[in-house]
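Please look at the sequence and the model before reading on.

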Amino acid sequence: MAHKVLIVDDAAFMRMMIKDILSKNGYDVVGEAADGAQAVEKYKETQPDLVTMDITMPEMDGITALKEIKKLNPNAKIIMCSAMGQQAMVIDAIQAGAKDFIVKPFQADRVLEAIAKTLS
């Protein structure tokens, strides 16, 4: 059975890129969200196996959304997505429970490696 993934990024283009990589590699993209508040709602609706979460977003940032999702499910598997130069935020995210992080611009092999490692 394909693993279910929720993609969270405020940039539609970035969501499309990740969705494309995942769909071509047998993952089932069950939802997309453009900010942290939507991410928490979509998480409740779709119960994905994994979430890819952008750090910097309007409304609710990725780290806050990560913490909210972890309250709902302490075993939630979340991979943070960050632009270069967000190391401090990545460290915060890992301390808050993120399993891994991917740096933009995305490289398909790195995305797939992070996901495979997190789901194993």
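A residue is called buried when its relative accessible area is under 20%, exposed when it is over 50%, and partly exposed in between, using a 1.4 Å probe and protein chains only. By this rule, 46% of the 120 residues of the protein chain are buried. The model is predicted: local features need pLDDT of at least 70 and side-chain atom pairs count only at pLDDT 80 or more, whereas totals for chains, interfaces and linings use all residues. Residues are numbered from 1 along each chain as its sequence is written, and side-chain values use heavy atoms, with hydrogens and water left out.

**Overall fold**

- The protein chain contains five helices and five strands; helices (H or I, at least four residues) and strands (E, at least two) are DSSP runs numbered from the N terminus.
- Read from the N terminus, the order of elements is β-α-β-α-β-α-β-α-β-α.
- The radius of gyration of the protein chain is 12 Å, close to the 14 Å of the globule rule for 120 residues, so the chain is as compact as a globular protein of that length. This radius is taken over C-alpha atoms, and the rule is 2.2 Å times the number of residues to the power 0.38.
- Along the principal axes, the C-alpha atoms of the protein chain fill a box of roughly 30 × 30 × 25 Å.
- Of the contacts (heavy atoms within 4.5 Å) with a separation of 6 or more, 62% join residues 24 or more positions apart.

**Nonpolar cores**

- A nonpolar core is a set of buried Ala, Val, Leu, Ile, Met, Phe, Trp, Tyr and Cys residues joined through side-chain atoms within 4.5 Å.
- The largest such core has 21 residues, and V8, V51, M53, I69, I78 and M80 have the most contacts inside it.
- Two or more residues of this core come from each of β1 (4–8), α2 (36–46), β3 (50–54), α3 (62–72), β4 (78–82) and α4 (87–95). Of these, α3 gives the most, with four residues.
- Another core lies apart from this one and has 17 residues, including L22, C81, F106 and L119.
- In soluble globular proteins, nonpolar side chains tend to be buried together.

**Two residues in detail**

- Beyond its neighbours within four places in sequence, I69 is in contact with A39, V40, Y43, M53, A76 and I78.
- S82 lies in strand β4. Its relative accessibility is 2%, so S82 counts as buried.
- Not counting residues up to four places away in sequence, S82 touches I55, V90, F101, I102, V103 and K104.
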